[in-house]
Amino acid sequence: MQEFALLASDLAWPFAIAVAWLAGEFGHRVTGLPRISIYGLIGFLFANLQGGILPVVDNNIMLLANVAFGLILFEFGYRINLHWLRTNPWIAVTGLLESVVTFIVVYFVAQAFGASMITCLLLSSLSMATSPAGVLRVINEQRSSGQVTERILHLCALNCVLSVFAFKVVVGLWLFQSSGSLWQAASSSLIQLFASAAVGALFGMMVPGILRWLGSLARDATVAFALAVILLVTLTHILNLSPVLAALTFGLMARHRRVSLSQAQRNFGALGDLLTVLLFVVATSTLEWDSVVKGAGLGLALVGARLLTKTLCVTATSQLSGITWRKGALAGLGLAPVSVFVILMVEQTRYLGLILVDELTALAAMILVLEVLGPILTQYALVWAKESQHTIEG
Amino acid sequence: MSLDPFKQSEPLTLGVELELQLVSLSDFDLTASSPDLLYLLGLKEFPGEVTPEITESMIEICTGVHTEHSGLLLQLQQIRDALVQAGDTLNVGVCGGGTHPFQSWSEQKIFSKQRFKQVSALYGYLAKQFTIFGQHVHVGCTSGDDALFLLHSLSRYVPQFIALAASSPFVQGRDTLFNSARLNSVFAFPLSGRAPFILSWDEFENDYFAKMEHTGIVKSMKDFYWDIRPKPEFGTIELRVCDTPLTVERAAALACYLQALCSYLLERRESSPTEDDYLVYNYNRFQACRFGLDGTLVHPKTYETLSLREDILTTLRKVDTHAEKLGGLAALEYLYRSVHLGSDAHYLRSQYADTGSSEGVVDAAIRRFRTGSEDGP
C-alpha cells in the first residue's frame, strides 16, 4: 500500500499536467476561453481537492517553472522596441502613470481593510505588474496585431520592471527593519536587481555573437536561445538573482542586436507549449484553499481597484498617445493578468526566510481570480479591438 | 454596368499610387495596423490620399495629378514624411519593397470591407498570397485610341520597368532567385497578363468589353489584372508591373521615365505595335522578373538578343529630349545612376548577406524608405 502511495506521488505531476493539457485543448475548443486559464484552474483543483493530490512543489519543479517562464520572458523581451518609448514618450508616461497610480490605490484599499503597512506595500508593489506570460500566451493564441496588442506588450514590460524594482525595495526595507543590516537589505534588493540585469545583458551580447560566428542563424537560433535561457535561469536561480529580470534583459538585448526567432518558432514551438502547461499548473498549485477563502474580501477589492485603475489610466492618455479612447480602454483592460509573475516573485523570496504567501492571503485570492479571469479579459480586449485573427474569419 | 466613356485628360499628366507595407518595429513582421494608422492620419491634413488595402498590413497612397518631376517628387516626399511620423507614434514602420521577406501569408487578416471579403472568398489562398506591394503609374491620354496605342506600344518596354523597380527577391523567408517574385503572384490570377490586341477604343468598348461582361466573368475594368490597363474614368493608362520601390525618389523617377517614354512613343516614329509583338512578351517579362537588370531580351521586331541593361541605357538616351521638355531630366539621371548601382532587389540581397537575417533586411528597407538615400544606411 505504501508502495502504491509512493508510485501515485511520483505520477501525480505528469498526470496533472496531462489532464491540464487535455482540459485546455478541449475547453478552448468548446468555450473559446484561453488555454492558460484552464491550466491554472486544473492546477488549483489538483492541489486542493481532498487535501491535495499533488506533492509539494519542490525546488526541481520550481526550477522547471522558472525555465518555462524564462523562455516566455525572453520572447517577451524580444517583442519590445525600446526606441518606441523615445519616439512616442506618451507610452512611457502611460506606463509610469498606470503603475504608480495602481501602487497608490492598492495601498489605500489594503489599508482600508486594516492590513499592516508592510503588507500594504508588498501588495501594492506586486499589483503593479501584469503577467507577461499571461498576455503573451493570449496574444500568440489569438495571433493578434494592432495597437491594443502592441500597447499591452509594452505597458506590461514597463509595469513588470517597475514592479520588480518596487518589490525589491520594499523587501529591502522590510529586511532592514527586521535585521537592521543595511548591507543585507541592499544586497537582497538593489544589488541583486543590477546583477540580474547585467547577467541577462551579457547573455544578450554573447549568444547573438556566437550565432553570428556560427553563421547559420535561421536554422539554429531557436535551440541556441532555448539552451541559453535554461542556462541563464539555472545560473540566476543558484546565485539567488532574479531569473525574471535576467531573462527579460536577455530578450531585450538579443532583440536590439537583431537576431530573430522566425514566425514558426514563436512560443519556442512544442518545447514552449509543453513548459507552459507545467508553468501554469505549478503556479496555481501553490495556492491554498484556506488562504484564498481567508483573503477573499480584500482580494476581490484589490482585483476591482487594480482593474479600474489600470483601465482608467491607460484610457486617460490614449488620445495623446495616438489611439482612440476605445482602444485605450481596451489596452488597459488587457493588462489584467497577474498570476505567474507574482507567484514566482514571491517564491523567490522564500530563501530569505520570508514566507510571504502566508502573510498575504489576499494575494492568493487575487491571483486565483485573475489567473482565470485575467487572460479571458485580455482575450476579450483583443477581440473587441478587432485585432485577433478569429474575429474576422471565425 | 457598361464601360465608362473614355474621359479626355491632359496628355502626359502623371499620377502615382504606391502600396506600402506596415511592419511592426518590434519584430519586423507585417502588422495589421491600417485601421490604427488611418485613424491617426485622419486627425491631420494629409498631403495626398491614403486608403486601406485588401490586407490590414498594407495601405495605398495616391498623389494628385502632376505634370513634372519636381512637383511629383515633392508630394511623394511630403506623403512619406507624414506616414513615417504617424508610424513612429504607433511603433509601425512603413516601407516599400514588392514582398515582405518573411511574412507568412496565412497570418494575414483581410480588411473588413465588402469587396475585399468577396475577393477573398473567390480566390482563397491567392487573395492572401496577394499580400504584395506594387507601384501603379497613371499617364493621361487625350483619347481612348491614344490610350490603346500607348498601351500596346509600351509592351516592348514593360521588362525595363520590371527590372528597374524590382524589389521582391525574398518570399516567406527564402531567396526566390527572382528579382521580382511579386509578379509571380500576380500571374496566378485568371485575368492577369496582357490586354487583348485592340487599337480602337470603340472596338474595345463595344466588342471586347461588352462580350466579356456578357460572359459574366467581369463587371468592371477592376476585374482585369493586366500589366497595363486603360482607366476610362480617369482618361489614363495604368502601368502596374512595378514593385513598390524602396524609396519614393525611385518611384518618382520611374513615373517620369514612363512619361518621357510615352511622349516619345506618341511621336509615332517607331514602327506601329502589332499582335506579333506579344510572341516574345512573356519570355521577356520572365527574364526581367528572374534576372532583373542582368536579363536578356528578344527584340519583338528584329528578334535580336539584347542585354536588358543596355536596352534601358539606350532608351534613356532616346527619350532625354522629351524628358527635358517635360522637366524630367533629374528622373532620367537618377535611373541612369541606379542602372549602374544595381536595383533595390540587389540592395536587399546585400543586406541579407550583411545582417544574416530577414529581419535585418526589413530594417534596412524601413531606413531606406525613411531617408530616401540610395547610398545605404
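This is a predicted model: local features need pLDDT of at least 70, side-chain atom pairs count only at pLDDT 80 or more; totals for chains, interfaces and linings use all residues.
View 1. A:Pro208 lies in helix α10 of chain A. This proline is buried, because 25 other C-beta atoms lie within 10 Å and the threshold for burial is 20 or more. A:Ala254 is 46 residues away from A:Pro208 in sequence, yet the two C-alpha atoms are 6.4 Å apart in space.

**View 2. Packing of α8(A) with α10(A).** Helix α10 comprises residues 190–214 of chain A, and its axis is 9 Å from that of α8(A), at an angle of about 145 degrees. On the α8(A) side, the contact is formed by A:Val164, A:Phe165, A:Lys168 and A:Gly172. On the α10(A) side, A:Leu190, A:Gln192 and A:Leu193 take part. By class, this contact contains 4 nonpolar, 2 polar and 1 charged residues.

**View 3. Packing of α6(A) with α8(A).** Helix α6 (residues 117–127) and helix α8 (residues 147–179) of chain A have axes 8 Å apart and pack at an angle of about 160 degrees. The two helices are therefore roughly antiparallel, the angle being over 145 degrees. The crossing of α6(A) with α8(A) is left-handed. Helix α6(A) contributes A:Ile118, A:Leu121, A:Leu122, A:Ser125 and A:Leu126, which meet A:Ser163, A:Ala166, A:Phe167, A:Val170 and A:Trp174 of α8(A). Of the residues in this contact, 8 are nonpolar and 2 are polar, with no charged residues.

**View 4. The enclosed helix α7(A) and the residue that follows.** Among the buried residues are A:Pro132, A:Ala133, A:Gly134, A:Val135, A:Leu136, A:Val138 and A:Ile139. The buried set also includes A:Arg137 and A:Glu141. After α7(A) comes A:Arg143, with a positive phi near 45 degrees.

**View 5. A:Gly43 within helix α2 of chain A.** A:Gly43 belongs to helix α2, which covers residues 35–48 of chain A. With 27 other C-beta atoms within 10 Å, A:Gly43 is buried. Leaving out residues up to four places away in sequence, A:Gly43 touches A:Ala16 and A:Ala20, together with A:Phe280, A:Val281, A:Val282, A:Ala283, A:Thr284 and A:Ser285. A:Ser187, by contrast, is 144 residues from A:Gly43 in sequence and 34 Å away in space, C-alpha to C-alpha.

**View 6. Nonpolar cores and the overall make-up of chain A.** Chain A has 20 helices and 0 strands, and 56% of its 394 residues are buried. Among its contacts between residues at least 6 apart in sequence, 82% join residues at least 24 apart. The largest nonpolar core contains 126 residues, and A:Val229 and A:Leu279 have the most contacts inside it. Helix α8(A) supplies the largest share of this core, 16 residues. Beyond neighbours within four places in sequence, A:Val229 is in contact with A:Val67, A:Gly70, A:Leu71, A:Phe74, A:Ala247 and A:Phe250. A second, separate core has 100 residues, including B:Ile228, B:Leu316, B:Val362 and B:Phe369.

**View 7. Crossing of α9(B) and α13(B).** In chain B, helix α9 (residues 248–266) and helix α13 (residues 329–341) cross at roughly 115 degrees, and their axes come within 8 Å. This angle makes the two helices roughly perpendicular. The crossing of α9(B) with α13(B) is left-handed. The residues of α9(B) in the contact are B:Glu249, B:Arg250, B:Ala252, B:Ala253, B:Cys256, B:Tyr257 and B:Ala260. Their partners in α13(B) are B:Ala331, B:Leu332, B:Tyr334, B:Leu335 and B:Ser338. The contact comprises 9 nonpolar, 1 polar and 2 charged residues.

**View 8. Positive phi at B:Asn91 and B:Leu177.** Most residues other than glycine have a negative phi. B:Asn91, which is not a glycine, has a positive phi of about 60 degrees. B:Asn91 is found in the loop between α2 (69–89) and β4 (92–95) of chain B and counts as buried, with 27 C-beta neighbours inside 10 Å. B:Leu177, also not a glycine, has a positive phi of about 70 degrees. The loop holding B:Leu177 runs between β7 (174–175) and α7 (182–187) of chain B. B:Leu177 is exposed, with 10 other C-beta atoms within 10 Å.

How values were computed: Residues are numbered from 1 along each chain as its sequence is written. Chains are lettered from A and ligands numbered from 1 in the order in which they are written. Axes are lines fitted to C-alpha atoms, for helices over the stretch in contact, and angles run from 0 to 180 degrees between N-to-C directions. Helices (H or I, at least four residues) and strands (E, at least two) are DSSP runs, numbered from the N terminus. Angles under 35 degrees count as roughly parallel, over 145 as roughly antiparallel, 65 to 115 as roughly perpendicular and the rest as oblique. A crossing is left-handed if the near helix is turned anticlockwise from the far one by less than a right angle, and right-handed if clockwise. Two residues are in contact if their C-beta atoms, placed from the backbone, lie within 7 Å. Ala, Val, Leu, Ile, Met, Phe, Trp, Tyr, Cys and Pro count as nonpolar, Asp, Glu, Lys and Arg as charged, and the others, Gly among them, as polar. A nonpolar core is a set of buried Ala, Val, Leu, Ile, Met, Phe, Trp, Tyr and Cys residues joined through C-beta atoms within 7 Å. A residue is buried if 20 or more other C-beta atoms lie within 10 Å of its own, exposed if 12 or fewer, and partly exposed in between; C-beta atoms are placed from the backbone.
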